[in-house]
Amino acid sequence: MEQFTAGIARVDITPQRPLIMDGFYSREGPSLGTHDALGLTALALTCGHDRAVIMAGDVLGFPPDLARRIRTELAARFQLPAETVLLAASHTHSGPALGNLLFLDADADYLDWLVQRAAAVVGEALERREPVRLLVGRAQSDVGVNRRLVDADTGLVLMEDNPAGVVDREITSLRLVNGEGTTVGGVVNVGCHPTAILHDGRHFSRDYPGFFLDELERAYPGSLFLFLSGAHANVRPAGSGSRSGVGFAEEIGRQLFEDFRQTRWQEVTGPPSLRVACELVSVEFQELPPDAVLAQLEAACEQALARDPAWGEDLWNKCSLTWVRWVREMHRKDERPGPLEVELQVITLAGSVTMVGLPFELFAQTSLGLKASCGRETQLFVCGYTGGVVGYLPPAEDQLQGGYEAEEAFKVYGCAAPFELGTEALVRHKAEALILKSLRSED
């Protein structure tokens with residue numbers, strides 16, 4: 001009978017000099033130093049001739065070009081096909097800019113170094129492989145709260161705590177145990193935005209995921225765990241409306257670990273097997289706003305700029321003006337945003353443990369919908385921010401409500417328009433089919 005082997009390694013990816021930081025337009029300058037080191041952790045899994053690598057980095061998200069570069073390097077060095085590499089970001093907002101967001105420019109030398117660090121950590125993980133058993137479990141946590149609150153008077157969606165809003169509270173975990181009975185590491189999947197540290201933080205930090213892993217790895221000495229961010233585009237740490245900072249991040253990390261300790265573990269007993277699957281899905285954008293509407297917006301921006309030249313130095317204002325000028329130029333050329341091809345990835349172990357990677361900022365509803373469709377007999381890890389991240393993916397109801405995630409964030413990601421209404425349902429159904437196909441192939 002085949003058996004699983006696994007190797008886990010971690011390398012430091014902390015910049016060694018001040019760089020532009022990711023995640024917030026309102027920071028007042030580049031990084032001032034490092035609070036806690038950023039890491040890139042790789043898990044190499046094999047079963048017979050089948051291989052897969054999962055990498056988790058303490059960054060906001062890997063842009064599509066950078067994701068392609070990393071996968072190309074891994075293919076050249078280790079003969080790993082692209083579909084066997086699941087590249088995931090923790091989504092910390094306290095890492096270096098990688099070029100995902102307009103005007104938060106990446107440092108080219110850092111990107112080159114990051115590609116080489118990715119190859120180094122995968123090579124080390126492959127060398128460390130040893131036979132393992134798989135244990136899976138679930139726990140519940142209240143560290144997150146829905147961050148989309150509809151104002152009763154105006155109907156506007158505010159970025160404020162909404163205790164009645166949807167949250168996926170599940171901590172989904174995989175633990176790897178070697179032949180000596182020692183936990184060598186594993187994977188944890190959590191659906192809460194890593195924004196315990198806000199724009200006033202100018203030191204590199206992993207945010208709460210890092211402090212959670214610190215506690216976890218102390219509990220299992222010598223282990224290394226990967227943090228896979230879940231579906232939390234509309235979920236943030238409870239209390240972050242009034243608190244932020246490293247101390248708050250440490251508190252959230254400790255609370256998450258206390259919740260994790262309630263996990264009930266179950267050994268995976270199905271025949272060892274490893275299957276990878278991927279599918280390219282074409283997603284469409286909405287029609288551009290009428291040029292007359294854009295002309296009014298451009299005029300308002302230019303008037304604000306004429307009144308105060310400093311207006312244009314604000315990156316959010318700069319983004320808005322750049323977007324409106326670009327889209328007006330598209331009107332003049334009679335262009336419209338073309339479809340975007342995105343990759344959905346699935347890794348299934350022993351016919352019952354499945355990780356699905358989607359290159360979006362996912363809403364909690366997406367995760368809950370996927371889990372409901374697969375049933376409790378499948379240990380499903382729903383991972384956002386994988387591969388080359390392309391933006392927010394709000395469900396239709398949230399798109400119609402509006403708010404930052406539905407009406408503004410697409411500009412930050414460099415898109416001309418939001419995704420077409422119903423795109424979340426399309427992607428979710430495609431992911432469901434890919435998961436079920438992967439599970440059936442194990443029969």
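Helix axes here are lines fitted to C-alpha atoms over the stretch in contact, and the angles between their N-to-C directions run from 0 to 180 degrees. Helices (H or I, at least four residues) and strands (E, at least two) are DSSP runs, numbered from the N terminus. The model is predicted, so local features need pLDDT of at least 70 and side-chain atom pairs count only at pLDDT 80 or more, while totals for chains, interfaces and linings use all residues. Residues are numbered from 1 along each chain as its sequence is written, and side-chain values use heavy atoms, with hydrogens and water left out.

Let us start with a helix pair. Helix H5 (residues 291-307) and helix H6 (residues 315-332) have axes that come within 10 Å and cross at roughly 145°. On the H5 side, the contact (heavy atoms within 4.5 Å) involves residues including Leu294, Leu297 and Cys301, and H6 brings Trp323, Val324 and Val327, among them. By class, the contact residues comprise 9 nonpolar, 1 polar and 5 charged; Ala, Val, Leu, Ile, Met, Phe, Trp, Tyr, Cys and Pro count as nonpolar, Asp, Glu, Lys and Arg as charged, and the others, Gly among them, as polar.

Now for a loop worth a look. His91 lies between strand E5 (85-89) and helix H2 (108-127), and Phe103 is also found in the loop between E5 and H2. Each is a residue other than glycine with a positive phi. In the table, buried means under 20% relative accessible area, exposed over 50%, and partly exposed in between (1.4 Å probe, protein chains only).

| Residue | Phi | Relative accessible area |
|---|---|---|
| His91 | near 80° | 1%, buried |
| Phe103 | near 70° | 22%, partly exposed |
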